[in-house]
Amino acid sequence: MIRMTQGHRCFFRNAGVGARRCANPRRPALPPSARKHISRDSPIRANYGGSPSYASSSSSNANAGATVPASIKYAKTTAGTGDPEGLGGSTAFSTRGPVTWPALGLVAIAAASAVGYYKIERERRLENAMGKIVSSESGWSPNPELLARRKYVKTEWGWFPKEDAFGGAGKPAIGGPWSLVDLDGNLVTDQSFVGKWTLLYFGFARCPDICPSEMVKVGKVMDILKKNHPELHKNIQPIFVSIDPARDSLKALRDYAKDFHPSYVFLTGAPQQVQAMAKKYRVYMSKADETDDGDYLVDHSIVIYFHDETGDIADCFTQSMRPSDVVEKVVERMTFVPKY
């Protein structure tokens, strides 16, 4: 057997069997467009799977030094052109990427248009809002259902919202006119406390723990203020409003009042009156754990509402606040002096 090697292919010749060839899998097949430039007897054609030359080993060595024909030297292929078959037409390969300069230009134009529209729309809305502002002491609110009307004062720089402890956001739209009765059956309204700062709490006499805890906290606040700020203490009135008028009769409230600070004012009224007042203060209340004998608890908001001497909301104190925290806020609100 004689083995003849040409390029990356090897040929075996057996006198009784004929010729066999073993292709190197790493060597790619020559494209058809390039094969026509290579002669049939060329070693390159034999190396790429053309008709092999079955010359002897010595003849093969002699051909190794022969001059390469011009047709082979200047052979052209289509590798890397996107046209692997050499068809010269459109193929499935694309020479263009997914992003082009015209596409980038369109994106830039769209972005610039969006920014310009935003600026124009913003200026238009600001002009409309300024046109609605009442530059007087009557005040204005962008949404009266959520924010209270901001009062305006005239300064040397023009009309500005009256400065208060709530800052630029303004006060929440909480509170309003109401009317109830006290433990003596006398009519009491929101106007009855004009000139006094009030600490208002909603609860019910049969509350097992939360209401007593909050009312004791208010009592501690009053004692601390009396000791450290007596001038402020005398202008503050704690108020308790029952949200369970069906069971909290005047007699029940009188007995309930004995366990708490003597400065408290206890109020109740008809269910419609209580519900109307609770709605104005956005108090949540609902029956819970009702038993077969008609007993129940009342789930409700746990907030202490602090009002100024005009009846406007000044602050709100939550259950998580300690008596010292409430005292600090009360003193801050009552001694606040606006700059204009």
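A disulfide here is a pair of cysteine sulfur atoms within 2.5 Å. With that rule, the count for this predicted model is 0 disulfides.

Take Cys 211. The closest cysteine sulfur to the one in Cys 211 belongs to Cys 207, at 3.3 Å, so the pair is too far apart for a bond under the 2.5 Å cut-off. Cys 211 is buried, with 0% relative accessibility. Cys 207 is also buried, at 9%, and sits in the loop between strand 8 (197-203) and helix 6 (210-228).

Next, the annotation. The unreviewed UniProt entry lists Cys 207, Cys 211 and His 300 under "binding site". These positions are spread over 94 residues of sequence, yet they cluster in space, with a largest C-alpha distance of 10.4 Å.

What about His 300: buried or exposed? His 300 counts as buried, at 12% relative accessibility. Its place is in strand 12, residues 297-300.

Last, confidence. The protein chain has an average pLDDT of 75, and 58% of the residues score at least 70. One is residues 1-25, for which the model has 51 contacts beyond four places in sequence. The other is residues 48-65, with 22 such contacts.

Note on methods: Residues are numbered from 1 along each chain as its sequence is written. This is a predicted model: local features need pLDDT of at least 70, side-chain atom pairs count only at pLDDT 80 or more; totals for chains, interfaces and linings use all residues. Side-chain values use heavy atoms; hydrogens and water are left out. Buried means under 20% relative accessible area, exposed over 50%, partly exposed in between (1.4 Å probe, protein chains only). pLDDT is the predictor's confidence in each residue, from 0 to 100. Contact means heavy atoms within 4.5 Å. UniProt positions are given in the numbering used here, feature names are shortened, and annotations may be inferred rather than shown by experiment. Helices (H or I, at least four residues) and strands (E, at least two) are DSSP runs, numbered from the N terminus.
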